[in-house]
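Please consult the sequence and the structure alongside the text.

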Amino acid sequence: MYCQFAKRTLFVIFIFLVVLFTSSCKQTESNQNDIESRVNNLLSEMTLEEKIGQMSQIDPGYLSDDQMNQTVREGKYGSFLNIFGVEKINALQKIAMEESRLKIPLIIGRDVIHGYRTIFPIPLGMAATWNPQIVKKAFRISSVEASSQGIRWTFAPMIDITWDPRWGRIAEGCGEDPYLASALAKAMVEGIQGDDLTDPTAVAACAKHFVGYGFAEGGRDYNTTYISEPVLRNVVLKPFKAAKDAGALTFMSAFNDLNGVPTSGNEFTLRQILRDEWHYEGMVVSDWASVTEMISHGYCANEKEAALKAITAGVDMEMSSTSYMNHLKSLIDEGKVNLTLIDEAVKNILRLKFKLGLFENPYVNPEAEKQILAPEFLDHARTVARQSAVLLKNELNTLPLSSDISSVAIIGPLADAPRDQLGTWVFDGKAENSVTPLTAIKEVLGNAKVNYAAGMTYSRDKSKTGFAGAIAAAKKSQAILFFAGEEWILSGEGQSRGEINLPGVQEELIEELAKLGKPLVVVVMAGRPLAIGNVVEQSNALLYAFHGGSMAGPALADLIFGKESPSGKLPVTFVKGSGQIPFYYYHNNTGRPANTKSWTPIDSIPVINSQASLGYKSFHLDYGFTPLFPFGYGLSYTTFKYSNLILSSTEMASNGNLTIKVSVLNDGDIDADEIVQLYIRDRVGSITRPVKELKGFKRIHLKSRETVGVTFELPASELEFFNGKENVIESGEFDLWIGPNSDEGLHSEFSIK
Ligand code: BGC
């Protein structure tokens, strides 16, 4: 009887859900149809000048208010970037909505890369959390703050894969791995845009820079890129596809030339891949003047040709330069550009504005800005900063320090550098809202126990005059906390470095302090993975914190005094020195992979030699063949033990799925998070395959002595790759590892039939 009742109830619920689902699908469909017809109606009323206006975006910084108002009245620009503020934007939108002929609202864009006023760790730091949920929430908060100032379009997420830590913009991306970057790209897009695009806090995301910009030769920004099609498709494009699938409303074409064709005029990437293969229906904006930079590239003779190539390739809106405004009309008159190309671009732009509900409500509610820097936003910034720090060394459990410690010396140029800890790409965050490590540690210990002497005034400082004071502070303290790193200005756009060691005399000061024989903890706050081999040797514990944002100080204090264990893992391989670049964990094997036996260190080569080869393997005589720290690496205050790796089968069909289980034990006295990582290797392929590839990860929380079972699903589709001709899932043998980083783990194997 009960059973029958339950069945009936389930049936009713099922029918209800089906009706709900169908009606919500119908609703979305009808909204969509509605938008399409509104777009078409509006388009049919537009003059060519008005269309070209929609396709043009400028930073009106150099215009007076009157001039700006006039351009809006005339419909000269569809979008502005870098203006913000409730009053200003409401006034401009009022002109657009009431005084322009067609009453098309503006869309205001800005770079909100890792927070608007509440600043989160740089994206590379956020990637070190391996925690898409908290990253999504961080981006949601950024959108809530930014939209309260009228910004409804952000040029984020930046999802350029890079293998080069010299490149300053490594700070802005998610590191080297396509799987991790794809998971984060999805989280970022979802966070930025929110659940309802018409909500006033929804901001359009912009997946950038499409594509290959992170492969700038020599790590010099804006440089040429040569990327083979397999690397392009198997690595570089992956996060962009994830962003597209997550619904990213816009894409940005890039600065770089790719295999000889600038990416802002590249029909292969913008039209064939993005539109024809991926069926992307969003809008494409150029990067800042990247259309006219095609002249410097030597790809276009003049502005007119640049406009022609950009529109032909599929750039809908031109940022900053004015080649569309100056030349599209004559290109149409001359028959070189078909009006349908223009119409497609304008439709993409109008669709975006309709989707965001800007026609219905272009104005900003003045009340919304009250949320800026809300305590829960700052709290979340602290959580993200805490999870982004990676413990790279912890000799004899130097960390955590007891909060009963009698005194600590706080030294180093980043200990009290409120602007630097915010990192690059911060236009709106303010140093006065940062809490520095010095302030936070004083809060924990009380002023009397803190002996502060920076020793250097900024990271590049070459003067040693502060050394004596720093050494004196260290001498009277029980432990030394050295906050090392880079100023924010040393990473970011145009800020590439040739050598990636700690700048200035930081290493010398650390060496002097190490001589004192006291526990020496180094915290590195930087915009890139630095070559810190010497510092690792000199210190007893090393915490890599990237630039951690507004709440970096309290987050670091939480970790240093053991309120929580560090749990971040490296999103990028750490090299021993610039000469090892590029070094990424998913390299191919070569015909002569190195091993410990084959490596001859440079100092062990005898002085007198006959013609010989030292090992005949792939390594550097000086660096060897391993990095400083591998991808995925990061320690904890506890230890984790992995056991019982079980696969649901040792065989999988090419459309099948494997279920993989493993047990993880927290074998220590404190509760902590671990990031469990799944890697595979396709042993033989129709093209050579990487030695390892990340195919799954999970951040789990384990109480002390607790064992947790972790399950992964590995669909065969994850093993697909582009082999130079087509996407394939090839039969054969695979290795599989589950472990704490890309270098360690339990091993198993399976095959695809
Ligand atoms: C950068 C973009 C940015 C744009 C607008 C360019 O220089 O490459 O990432 O979105 O400026 O500020």
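Cys-300 has a relative accessibility of 5% and therefore counts as buried, where buried means under 20% relative accessible area, exposed over 50% and partly exposed in between (1.4 Å probe, protein chains only). The model is predicted, so local features need pLDDT of at least 70 and side-chain atom pairs count only at pLDDT 80 or more, while totals for chains, interfaces and linings use all residues. Residues are numbered from 1 along each chain as its sequence is written, and side-chain values use heavy atoms, with hydrogens and water left out.

**Cysteines**

- Zero disulfides (pairs of cysteine sulfur atoms within 2.5 Å) are found in a search of the whole structure.
- Cys-206 takes part in no disulfide, and the nearest cysteine sulfur, belonging to Cys-174, is 15 Å away.
- Cys-206 counts as buried because its relative accessibility is 0%.

**Ligand shell**

- The ligand is surrounded by 13 residues, each with a heavy atom within 4 Å of the ligand.
- The closest of these residues are Asp-111, Arg-169, His-209, Asp-287 and Glu-493.
- Seven residues of the shell are nonpolar, one is polar and five are charged; Asp, Glu, Lys and Arg count as charged, Ala, Val, Leu, Ile, Met, Phe, Trp, Tyr, Cys and Pro as nonpolar, and the others, Gly among them, as polar.

**Ligand oxygen atoms**

- A polar side-chain atom of Asp-287 is 2.6 Å from an oxygen atom of the ligand.
- For Lys-208, a side-chain N or O atom lies 2.8 Å from a ligand oxygen atom.
- The side chain of Glu-493 likewise has an N or O atom 2.8 Å from an oxygen atom of the ligand.

Definitions and conventions. Polar contact = N/O pair within 3.5 Å; in protein donor to acceptor, adjacent residues only side chain to side chain.
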